[in-house]
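Hi there,

Here is the structure I said I would pass on to you. Have a look at it first, and my notes follow below.

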Amino acid sequence: MITLEELRRIAALAKLSLSDEEIEHFRAEFERIVEYVSALDRIRALDELEPLDSVVSHTNAFADDVPHQSLPTAEALANAPRHNESFFKVPKVIASEWTPDQNNGQ
Amino acid sequence: MVTETYERFRQRVHNRETTCAEELERALMSIEENGHLGAFLTVTADAARKSAEESDTRFQRGTPRLLEGMILAIKDNISTRGIPTTCGSRMLERFVPVFDATVVERLRHHGAIVIGKTNLDEFAMGSSNETSYFGIVRNPHNPDYVPGGSSGGSAVAVAARMAHAALGSDTGGSIRQPAAFCGIVGFKPSYGRVSRYGLVAFASSLDQIGPMARSVRDVALLAHAISGHDPADSTSSEQPPIDLHIAPLAERPRLGIVGEEILSGCSTEVRSCYEEVCRLAQQAGYRLVLIQFDSMDAWIPTYYILATAEASSNLARYDGVRYGFRADNDGNDMMTATRTAGFGTEVKRRIMLGTYVLSAGYYDAYYRKAQKARRWIVENYRRIFSTCDAVLLPTTPTPAFRIGEKTSNPLAMYLNDILTVSANLAGIPALSLPAGRSGNGLPIGVQLQAPFNADEVLLRIAYDIEQCLLARATV
């Protein structure tokens, strides 16, 4: 049983805002899907196996440490919803005035 | 309409029966006439006309390149410099990449003409091409039916002869299933053989780019052109490019065929089409071996856990900061507002599922268990391929379904991928071949799968079976 609370927590983690109606709708679907994928619990053969991340056995691929032409700033910014000449612009996420209290525990 | 295959078109150019410029106009006309099918999101007519001119010059000079004049459509989740790449999502509605994907660069280098970008399920998440922000795609054989997904636009472009070939991407069947539903050939190469650089990531350990065309030889030609090592993709294989030449089979190989555990879940028409192909193969001299997929019950659960987990992580990059859509909401949590307005329902559902299976307390129960199941599936295939050279199975349990038929039941939609996801989980090459028609005229496909990196063997067998099927049609 997946609770509405749990779904709200998942939505917050995924940075999605869902209405109560959407959450309720998702819950019904979620339960059926989660119940279906739980079929893996009934497969005893899995108990002794090691997890597999990837079908290709690769080690880190290193690039040679030589300078090369990188993306010009204007191109890197071209698709940004907001920017100035050299930076992406984002809403302010820190308080406007710094007070010693805010630094507690840092 | 373009010529039936690129190979045939090239012969016609050599015989001076037509030119690339003329062929391109036929393609553009076909795109216009088939606008109601919704296959294209962007048509790059002007740039294509310029390329066609260059191709004609090359043919005249006697210096045509490998894919000279091939009219090619590209799924809109593959990066094209200066051409919008939307992934069928509001999130990337105005996104114009500043670089070409490696596959696009290689195709241009070989002389292919990019005619446009094709519609898809949003972020390639779907099996019916009904989740695109820019509208659904319809099946050219009957517009009331889905074309399959997620590479639905690419499949329709090829099936309705708006292009010689197309690129698709396949995470759980997104090339093979629409190829089957639209009656064309679709090939998912072994994982790593084709660079993913420039493919917008959905589930990185499963995603593969591959060709879609109207003959196995055209598919093989494209596979050769796009494969081979790419330093820009850290999972790229060191194997040489897929062999261009389909060598003849010295002797007919052992072909694994499936039994009740798979066929009982298929429609009568799919089943009888499959059995007919098995009979033809046997008559042609193939040795048929009945194989057993012990891991079948794990396929869909494993796929949906791993694919959604990887998707939830990959799609975290859409935050409204560096590119893509940003919600007009500077006061409160801009990122949440952006993601809520920018993603459609199916994408949200999968991000939610993926976040759930990765979250504290569930990781071992779902994600880790699915990784174990993935190893089991790989081992199951290894056992199977010790008794046969390739496996023949249906591509889908049914032919194309009606538009709207499965949209209210996500699980029923997911189960449509039952016969395709295992190849992605095991990383092996797989190809869908048109094999027949249903009573109401919808195409039915059969699928071939071969061991990891045996892409050439797969293409050889596919070509041979395609020829058997064509011979049957003319008897």
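Let me start with a pair of helices from the two chains. In this predicted model, the axes of helix α2 (residues 20–37) of chain A and helix α12 (residues 345–358) of chain B cross at roughly 55 degrees and come within 12 Å. An angle between 35 and 65 degrees falls in the oblique class, so α2(A) and α12(B) are oblique to each other. The crossing of α2(A) with α12(B) is right-handed.

Which residues make this contact? On the α2(A) side they are A:Phe26, A:Glu29, A:Phe30, A:Ile33 and A:Val34, and they meet B:Thr345, B:Lys348, B:Arg349, B:Met352, B:Leu353 and B:Tyr356 of α12(B). By type, the contact of α2(A) with α12(B) has 7 nonpolar, 3 charged and 1 polar residues.

B:Thr302 counts as buried because its relative accessibility is 0%, and the cut-off for buried is under 20%. Beyond its neighbours within four places in sequence, B:Thr302 touches A:Leu40 from chain A, along with B:Ala370, B:Ala373, B:Arg374, B:Ile377 and B:Leu425.

Finally, the nonpolar cores. The largest has 172 residues, and the members that touch the most others are B:Ile115, B:Phe123 and B:Phe293. Helix α10(B) contributes the most to this core, with 11 residues. Another core, of 7 residues, lies apart from it and includes B:Val146, B:Phe181, B:Met413 and B:Leu442.

Best wishes

Key. Residues are numbered from 1 along each chain as its sequence is written. Chains are lettered from A and ligands numbered from 1 in the order in which they are written. This is a predicted model: local features need pLDDT of at least 70, side-chain atom pairs count only at pLDDT 80 or more; totals for chains, interfaces and linings use all residues. Side-chain values use heavy atoms; hydrogens and water are left out. Axes are lines fitted to C-alpha atoms, for helices over the stretch in contact, and angles run from 0 to 180 degrees between N-to-C directions. Helices (H or I, at least four residues) and strands (E, at least two) are DSSP runs, numbered from the N terminus. Angles under 35 degrees count as roughly parallel, over 145 as roughly antiparallel, 65 to 115 as roughly perpendicular and the rest as oblique. A crossing is left-handed if the near helix is turned anticlockwise from the far one by less than a right angle, and right-handed if clockwise. Contact means heavy atoms within 4.5 Å. Ala, Val, Leu, Ile, Met, Phe, Trp, Tyr, Cys and Pro count as nonpolar, Asp, Glu, Lys and Arg as charged, and the others, Gly among them, as polar. Buried means under 20% relative accessible area, exposed over 50%, partly exposed in between (1.4 Å probe, protein chains only). A nonpolar core is a set of buried Ala, Val, Leu, Ile, Met, Phe, Trp, Tyr and Cys residues joined through side-chain atoms within 4.5 Å.
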